[in-house]
Amino acid sequence: MPATALSDSPECVHFVDDWDGILHETYGGDADRAVLDCARRLAADPAGEEAYAWTLGLVMMAAYIGRFSRKDVAAAALEALHATDRRLRDLPCAHRTHPYESDLDDRIDHFVDDLPLLTNGLTEDEDPDWEDDATKGQWLCPRDIAGYARVAVDIIAPGSVGGIPPRLPARDARRAEDLRSIVWDYPSAAVDPGQELSAYARNLVANPLGYHRAGLVVVLHAACWYAASGRIRDRRVLDTMVDALEAVLPGLGDASCAHGEGDHPEVGRDTAEQATVGIHLLSPGGRGVYRHWHREELETAPLEAWLCPAFLAAIAREALDHLRTGRERLFGLRDTAHLDEVLLRPDGRLDVERLTHAVRFHCRDGQAAEDAGLWAARRFAAGPADPRERLVLLLVACWSVTSGEEPPPEAVHRDLRAILGAVRTAPAAAPAAEPCPHGDAHPWDVLTELVGRRHFGFHEDPYGAHLNHLYAPGEYDTPERPFDSGAWSCPRHVAQRVRGALRVIDGAN
């Protein structure tokens, strides 16, 4: 490698923009051809004057090579990089540090500008465009080029080479980003949360005693709140996560440790940060990066605390309990018999205000609203004699489905689907063929329009006020814009409410 700048612009400057396009996934040409061309030029002279350029070009394309290149293309790149490393890594050097030892992510976006400047005949002090804190001599040092060759190898084939700073594998960086988007409840467009979480769980089931155990347990604990929230509608995802944690606990046993109170990591508050740590625990490079974090940020727990079997057993049990409870709530048989004492008066009549209040405040207690709606549907199906009560129960059941931002879970919509489906298909419930005398003035539509036009306070409930008055007109004041009972019980109105609820339920499947 020359100690002075080349007199002419090297040929590589014609390819830098292509390499940068491949780095940022904007290249419109044949990327594998560009990789092969660069690799062949480096292999032809792995310690030559332009080896620095072809090596840095492969660094820029390494993430692409590791993810997308054909096997023969990746093999050619690796062979050329290994050859450069072998030829240059032990050559004499007077530098204390080299650029390859720093964080690649902080530098790689500048390669497209800096690489052509390395041999433009100007020193870094003379070059107004040179902004890097390292000298051009450090960049062109044979040991730096050998180091960057190893960096590229590690990106293409993680864990296959040493002598480089610890680095989170590129695939794990993507996994961490996807996992953060899940626990933040804003999954990336290309991410299926159920598939992602199932994959982590299956990996733990397959090897509950392996190197990846700690990272996978931390990841599943970070994601258990999301998984049990109702966002995931497939029971098999929760089943797999439960199986994974059940599989790992025997290997952790009744683990004890020498850590004192407060020495274990704090988990559960910042689940995105916890998920990121879990991903770092999956690889030697990621663990090395975490060790560096801990040296820089003293408030972070040491790596050994994350790997502690007693800590892992505790969070595995916590996640397992939460997932089992959530699974039963979402997919088990929902018991509503206890609500008889709450929603019925001593004389057997509805406590209609309590019933509508539970559904109205769905945002405050979603499960209470779901249970109230399911209780109303089941009582309706049991066939109370009072037609006014039957009507109110059916309307409340439909309202409980449409009042929430999310469709009801399977534990609720199984029975609701059957009950409301029977109402829709019952001949007596079908809307009459002749024109409806109410036109567009059916009560629920009018109330919905009213709510959209006017601001109601948090404790105001126009729907509940109307249903309370409909059930017990002698006990509750006549609400604004009253409707006669015929409008409420109109077959078209009732059918419309039932169809709307069923659409929401069917959309959950």
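Start by selecting helices α1 and α3, which count as roughly parallel to each other because angles under 35 degrees fall in that class. This is a predicted model, where local features need pLDDT of at least 70, side-chain atom pairs count only at pLDDT 80 or more, and totals for chains, interfaces and linings use all residues. Residues are numbered from 1 along each chain as its sequence is written, and side-chain values use heavy atoms, leaving out hydrogens and water.

The helices here are DSSP runs of H or I with at least four residues, numbered from the N terminus. The axes of α1 (residues 16–23) and α3 (residues 51–68) come within 7 Å and cross at roughly 25°; such axes are lines fitted to C-alpha atoms over the stretch in contact, with angles from 0 to 180 degrees between N-to-C directions.

Next, select Tyr148 in helix α8 (residues 142–156). Is Tyr148 buried or exposed? At 1% relative accessibility, Tyr148 is buried (under 20% relative accessible area; exposed is over 50% and partly exposed in between, with a 1.4 Å probe and protein chains only). Beyond the neighbours within four places in sequence, Tyr148 has contacts that include Val59, Pro99 and Trp139 (contact: heavy atoms within 4.5 Å).

Now pick Arg70 and Asp32, whose side chains meet in a salt bridge at 3.6 Å, N to O (a side-chain nitrogen of Lys or Arg within 4 Å of a carboxyl oxygen of Asp or Glu). Arg70 is partly exposed at 44%, while Asp32 is buried at 8%.

Shared partners join Asp32, Arg70 and Asp72 into one network.

Methods:
Helices (H or I, at least four residues) and strands (E, at least two) are DSSP runs, numbered from the N terminus. Angles under 35 degrees count as roughly parallel, over 145 as roughly antiparallel, 65 to 115 as roughly perpendicular and the rest as oblique.
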